[in-house]
Amino acid sequence: MMIRALRRVRAALLRRRHEREMQEEMTEHLERASARFAARGMSQAEARRAAEREFGNVAWLQEQARDARGTAWLDALLGDLRYALRQYARRPATTLVMFIVLAFGMGITTLLFSFVHSYATQPPPGVVLTEDLVRIRGSRSAGPDGRGSRPFSEDEFRAYRDLTGHFSAVAGWTAATVVIDLGPEAAHRGVEARVTFVTDNYFSVLDVRPQFGFVPIGSAENPSLIATAVVSHGTWDALFGRDPDIVGKVISVNGVSVAIAGVAPERFRGVAGWGRLLMWMPLEARDLLVQPAPDDFRAAGRLLPGVTPQQASAAAASIARTHAAEAVIAGQSLHRDPSTEVVPLRSASGDPMFERDVKWMSAAIGLLALLVLLVTCTNVSALLTGFATARRHEIAIRLSLGAARSRLIRQLLTESTLLALGSAAAALAIVAGTMHAVRVLIVELPLTPQITWSATSFTIALGITVGMLFGLSPALHATRLAVASVLRDASANLVATRARLQRGLVVAQIAFTQPLTVLVAALLVLVVTQLKTSPRSPMEDRIVIMTAQAPEAASMTNEEQASSESSRLEPARLLEERLAMMPGVVRVARTAPRWPAGVRIGGYTTEAGAVLAGGAQKVAALSAQPVHPEYFAAFDVPVLRGRTFSSEDEALFSGSRTAPAVIDQALAQHLWPDADPLGAVLRPATDTASNAPSLIIIGVVDDPAARRGVDKVDHFVYLPAGAADYGGFVLRTAAPAAPLLPGIRAVIQEIAPATVMGVTTLEAIADGHERNFRMAAGGVSAAGLVALLLAALGLYAVVAFSVGQRTREIAVRVALGGHRRQIVAHFVADGLRLTAIGLLIGLPISLVGLRALISAMGDAPELSLSAVTAIAALGVLTIAAAAAWLPARHAANVDPAVTLRSD
Amino acid sequence: MYGAMSQSFLTGTLELVVLQLIQAEPTNGYDLTLRIQAISKDVLSVNAGSLYPALYRLEERGLLKFTWQKSETGRRTKVYSLTAAGRRELAAQRAGWERFAGALAAILKVT
């Protein structure tokens, strides 16, 4: 077997030489035979003819000789390929549709699978995936349906580092925003960047080596090594113009001279990092540059051989419990239900909901991908079935001329394989191109998109198999029939079978197209509503946000706190005065820490019977944002009812277990739809921290900002900020604020050079959010639209092709005196009937898919399932009707004599 | 009738004939046709359409090898000769044929 195959290959390779030699040998044979006949007294021409007669049919002989050589198959294959190309060229539109549908179908499915797989399994960009690399992730309870992430205190981090029975190494880091200054002559002055202060084993734990230069090593013994930094590739590009001599350059970071030690590899962004400008510095340098926030550590480590993440998790969780207990004793503020897990280091696994999200996302996207694949397969099957049955005549003629059945089957197999392989190549090109584009265009993508070869090969193998099978099955069928019956087209059986198969495929196509349309439409609706629900303030270009880096009060002793407060608040007061005097500045308001997201404060209930009619209680999970009295004026927030905070509130409520609260009208509407919220009291729910105050509503405002980015489960309340609650400023300016920013930075430098402060406009922040969102939404929408387009194209082609094939039937009806309009109506009605059946079959899949999608999106806005489904069904119906109508009308308008003669 | 019958014998034994004649003297395709006719005293004649495919088959199977030589027309011509495998195959086929012919002769003697 093996030897025969090898011989065939050798023969194929030597084919040209054998062919030449055979010609030569036969020419010589003929010449000598002619010479022999000439010697018997024949003329030259006679002798030549006699020799040829004796020799026999040269072409036939050559064919025999090739057979003997075993190269006949190659000639046959080349012939088949030529023939296949001619066949496809005769029906370019149908061929193109099949090609595009197959290529894009396989391509999109592969892309979807690959992205989900990358999201679920890929480490952060630039980090090599190994099994022992884990994230030590702090988590806390975050409301009824999930957990949020929780950073560690330095002590807690050290405790994980001491788990030497589980980890071979644990690296920690804490990040801060800094201001970089490249010197008086440089173009970049006062740029904000994100510094990650890392333990000295950070790079070795992640197994990342700088592209060039050195890892920054900090040491208490060698202070000269402290102020060094590795900059990200993006920073090197943006700030230093890829200067090759960057190592050793000294820049100013928050006013401290820092030498650049190296440049990180191209895509490396640390373990988690959005943001354009990134750098890494030794942990020891933190105190030089910023006021440290002690409970802001994150950690990653390497497991010892044989230790599973579960074992390490158990050890880590017990440390988390110990530290929580100690914090309670020390009277420090506390996260609810803190814990720690050890999970494989994935780019997105920092979120404690990651494992659940991945499951939902995989389910939703997997379903979508599967639908795309199914639509693709049914579509191509339907078209190929039509394609091959349309050639019954041709196949019958070839059979009657003596072509072997195996030869015909081989021919059809060649055709479908050619199509399938061609589209598979195109699909791979699409996938590779998209991956490349994503990598190049979205440099900051915190994810390494990678082609998942298992899914890819599965998809492509399926595409090829389906292409081949359906190209072949009608061929087998057609070749099995008696030649005469096919030529006469008398076999009613055949027509019925063919029609059944094709109609079944049309129904399947519609059944799969509908859920696909529904899912994509729902996705688009979600994306659009998401854009709508984040309203942008018309004055956001006139609002400057200044965020100071403040130490966390929680971990300091009272004296420390008092002294640090006065040292911190005094410059803040001076700064506030100076800022208020700046030309162009209308108002200055202090903001409290953690502005604007607020802090979750837990569940609250309305007072039973007191306000609500019927005595029902409502529960709401609340996020609280302390604000200073000037806050609402600074943002021009209209006060609808009651009042906002005043400086007397502190005196009024001091010592009381009740705090005044201002709420947004959306929350008022939600909690007290029919009653006056003023004076109403919210009491902490039983699971909320026991020392939480009750809230008394003193005012209702209309603040779109309160609804921005705050998910449905958490409602927003404003609480009065104390004098010590200082997190920065909000400035209102008379004109767009961007030109004022350098002046504001100069004021900060002058008054409080030690203060580190981010300065930006609300517009820039909102733009950033919107850009990220648009990027994600754009990707989803583009993929969805391509899928929709494919489905529509495929649906149209399948229906139109199947109607087009009944041209002869239409002509017969017209010839028998049928009214054209009636005939067309009949075909459209038939098409609609099939569509309706398909839609009914597809409905359950749509509904299941929608549920999965909505679960995956989590806090999806209200989405009318029936409306989306109805619109999608209508779209499918319209396409199907058009696809039935156009070819039927065309056929009915042609003279039946012409149609019947040409068939 | 007589000629057709000998032709059908030849079809079954063409390989044996070709191998035997080439073992006797390496030769090219044209001379081989002439020689079959001459030796069989015109009882057997093989046309080119059978001979060349047979030659290529034997060559593909590694039983024949060839060298290029100048022919009397001045063109180069392929002169076939047996390989070691060809000689073994010939011996085997001859033995088979002799057994078959012997059996046939015995049957034909039955009266």
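Analyst: Happy to! This is a predicted model. Let's begin with chain B: of its 111 residues, 40% are buried.

User: Now the meeting place of the two chains. How many residues are in contact there?
Analyst: On the chain B side 26 residues take part, and they are in contact with 22 residues of chain A. The area buried between the two chains is about 2300 Å², with 50% of it given by carbon and sulfur atoms. In chain B, the residues that lose the most area to chain A are Tyr30(B), Tyr56(B) and Glu60(B), which together make up 33% of what that side buries.

User: Why talk about area lost at all?
Analyst: Because the accessible area lost when parts come together is often used to give the size of an interface.

User: Got it. How many salt bridges and polar contacts are there between the chains?
Analyst: There are 4 salt bridges between chain B and chain A. There are also 8 residue pairs in polar contact, both residues being at pLDDT 80 or more.

User: Which parts of chain B touch chain A?
Analyst: Helix H2 (29-39), helix H3 (48-60), strand S1 (64-70) and strand S2 (76-82) of chain B each supply at least two residues to that side. The largest share comes from H3(B), with 8 residues. Sorted by class, the side of chain B that touches chain A has 9 nonpolar, 8 polar and 9 charged residues.

User: Can you show me some salt bridges?
Analyst: Glu31(A) and Arg75(B) meet through their side chains at 2.9 Å, N to O, in a salt bridge. This pair crosses between chains: Glu31(A) is in helix H2 (residues 15-39) of chain A, while Arg75(B) is in the loop between S1 and S2 of chain B. Glu31(A) is partly exposed at 27% relative accessible area, and Arg75(B) is partly exposed at 34%.

User: What about Asp31(B) and Arg32(A), which chains does that pair join?
Analyst: Asp31(B) is in helix H2 of chain B and Arg32(A) is in helix H2 of chain A, so this pair joins two chains. Their closest N and O atoms are 2.6 Å apart.

User: Is Arg32(A) buried or partly exposed?
Analyst: Arg32(A) is buried, because its relative accessible area is 8% and the cut-off for buried is under 20%. Asp31(B), in contrast, is partly exposed at 23%.

User: Where is Glu59(B), and what does it touch?
Analyst: Glu59(B) is found in helix H3 of chain B and is buried, with a relative accessible area of 15%. Leaving out residues up to four places away in sequence, Glu59(B) touches Arg69(A), Leu64(B), Phe66(B), Lys78(B) and Tyr80(B).

User: Switching to chain A: which residue does Asp237(A) form a salt bridge with?
Analyst: Asp237(A) pairs with Arg242(A), and their closest N and O atoms are 2.9 Å apart. Salt bridges that share partners also join Arg17(A), Glu21(A), Glu59(B) and Lys78(B) into one network.

User: What is the phi of Arg242(A) like?
Analyst: Arg242(A) has a positive phi of about 55 degrees, although it is not a glycine. Most residues other than glycine have a negative phi. Arg242(A) lies in the loop between helix H9 (233-240) and strand S7 (250-253) of chain A. Asp207(A), also not a glycine, has a positive phi of about 60 degrees.

User: Last one: where is Ser114(A), and is it buried or exposed?
Analyst: Ser114(A) lies in helix H6 (residues 92-121) of chain A. Ser114(A) is buried, with a relative accessible area of 0%. Among the residues it touches are Met435(A) and Gln450(A).

How values were computed: Residues are numbered from 1 along each chain as its sequence is written. Chains are lettered from A and ligands numbered from 1 in the order in which they are written. This is a predicted model: local features need pLDDT of at least 70, side-chain atom pairs count only at pLDDT 80 or more; totals for chains, interfaces and linings use all residues. Side-chain values use heavy atoms; hydrogens and water are left out. Helices (H or I, at least four residues) and strands (E, at least two) are DSSP runs, numbered from the N terminus. Buried means under 20% relative accessible area, exposed over 50%, partly exposed in between (1.4 Å probe, protein chains only). Contact means heavy atoms within 4.5 Å. Buried area is the accessible area (1.4 Å probe) that two parts lose on being put together, summed over both. A polar contact is a pair of N or O atoms within 3.5 Å; within protein, one must be able to donate a hydrogen and the other to accept it, and residues adjacent in sequence count only if both atoms are side-chain atoms. Ala, Val, Leu, Ile, Met, Phe, Trp, Tyr, Cys and Pro count as nonpolar, Asp, Glu, Lys and Arg as charged, and the others, Gly among them, as polar.
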